[in-house]
Amino acid sequence: SPVVLFNHGSAKKMLNSIASSAIGPQFTKHGWAFFMPYRRGQGYSENQGAYIMDEISVAHKKSLNSAVKKLIDLHQTDHLNDQMAALSWLKKQEFVDQSRIATAGNSFGGIQVVLGMQRGSYCAGIDAAGAAKSWKQSEKIQMMMKGAVVNSNGPIFFFQAENDYNVAPSNVLAEEMLKSGKKSKVKIYSSFGSSPRDGHSFPYKGVSIWFNEVLSFINKNCGKSNA
């Protein structure tokens with residue numbers, strides 16, 4: 001079976017299960033298994049480490065620079081390692097078609113998607129609103145993500161609602177990929193709800209709007225099953 005490994009956002013405790021409950025059944029209905037592992041400090045892995053937002057908040061008390069450094073460090077080390085451990089586990093499962101593992105994620109999970117596409121062997125990536133809130137706070141975050149997408153091992157589809165906090169991440173990263181000869185797609189959907197916060201919830205509250213386009217992108221780039 002083909003699988004989507006979903007990278008959740010920064011919501012605390014079990015709140016990211018709202019996203020998996022909304023998105024997962026759509027994929028399974030179309031023949032894709034759906035797996036959302038909880039990274040350390042959140043959900044089922046709450047006792048496996050500190051909650052990422054707590055760590056960033058502590059650093060922020062020193063300075064914005066410290067907070068940015070902490071965000072980058074955690075995404076590139078602990079949290080990416082958790083994603084790669086989940087990918088490695090998936091590859092050992094007999095039901096999984098190894099050549100058809102895609103990754104998707106929203107918000108902090110979108111940052112994980114681009115880092116995972118550089119490090120792992122996914123057939124496609126879906127970055128929904130990755131870094132929408134942190135993009136303009138730091139050029140270092142932008143450089144990290146640009147560096148990851150130009151070294152991506154596969155195509156990435158970037159999407160957001162136009163009233164999200166900032167749509168630059170999707171537009172800029174898709175353009176970076178095209179410039180470096182990589183395959184990418186970008187779609188900025190109409191405003192969702194009435195605030196930037198509503199716009200940022202589009203990846204899990206607006207599934208019926210974006211799903212077909214995302215499914216088509218994954219099916220096109222992940223080939224036919226070997227099973």
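This is a predicted model: local features need pLDDT of at least 70, side-chain atom pairs count only at pLDDT 80 or more; totals for chains, interfaces and linings use all residues.
View 1. Y38 has a relative accessibility of 9%, so Y38 counts as buried, the limit being under 20%. The rings of Y38 and Y44 form an edge-to-face aromatic pair. Their centres are 5.8 Å apart, and the angle between the planes is 80°.

**View 2. The tilted pair of Y189 and F202.** The ring centres of Y189 and F202 lie 5.2 Å apart. Their planes meet at 45°, so the pair is tilted. Y189 belongs to strand β6, residues 184-189, and F202 belongs to helix α8. The two residues are 13 residues apart, and the pair links distant parts of the chain. Y189 is buried, with a relative accessible area of 7%. F202 is also buried, at 1% relative accessibility.

View 3. The whole structure contains 13 aromatic pairs. One aromatic cluster is formed by F6, F27, F34, F157, F159, Y189, F192, F202, W210, F211 and F217. Y189 and F202, the tilted pair, are both among its members.

**View 4. The largest cavity.** The structure holds one cavity of 30 Å³ or more. The volume of the largest cavity is about 80 Å³. F6, I23, F27, A104, G105, N106, I126, A128, F159, P203, W210 and V214 line this space. Elements that give two or more residues to the lining are α1, β3 (101-106), β4 (125-128) and α9 (207-221). Strand β3 gives the most, with three residues. By class, ten of the lining residues are nonpolar, two are polar and none is charged.

**View 5. The largest pocket.** The space in the largest pocket amounts to about 790 Å³. The pocket is lined by 31 residues, and those closest to its centre are S10, A11, S107, K133 and H200. At least two lining residues come from each of α1 (17-29), α2 (52-60), α3 (64-91), α7 (196-200) and α8 (202-205). Helix α3 has the largest share, with four residues. The lining is made up of 17 nonpolar, ten polar and four charged residues. Helix α1 supplies at least two residues to the lining of the pocket, and α1 also gives two or more residues to the lining of the largest cavity.

**View 6. E139 and its separation from N221.** E139 lies in helix α5, which covers residues 139-150. E139 is exposed, with a relative accessible area of 60%. Along the chain, E139 and N221 are 82 residues apart. Their C-alpha atoms are separated by 31 Å.

Key
Residues are numbered from 1 along each chain as its sequence is written. Side-chain values use heavy atoms; hydrogens and water are left out. On a 1 Å grid over the protein atoms alone, a cavity is a set of points where a 1.4 Å probe fits but cannot get out, and a pocket is an open set with protein on both sides within 12 Å along at least five of seven lines; lining residues have an atom within 4 Å of a point. Grid points are joined across faces, edges and corners, and a volume is the space filled by probe spheres set on the points. Ala, Val, Leu, Ile, Met, Phe, Trp, Tyr, Cys and Pro count as nonpolar, Asp, Glu, Lys and Arg as charged, and the others, Gly among them, as polar. Rings of Phe, Tyr and Trp (its six-membered ring) pair if their centres lie within 6.5 Å; planes under 30 degrees apart count as stacked, over 60 as edge-to-face and the rest as tilted. Buried means under 20% relative accessible area, exposed over 50%, partly exposed in between (1.4 Å probe, protein chains only).
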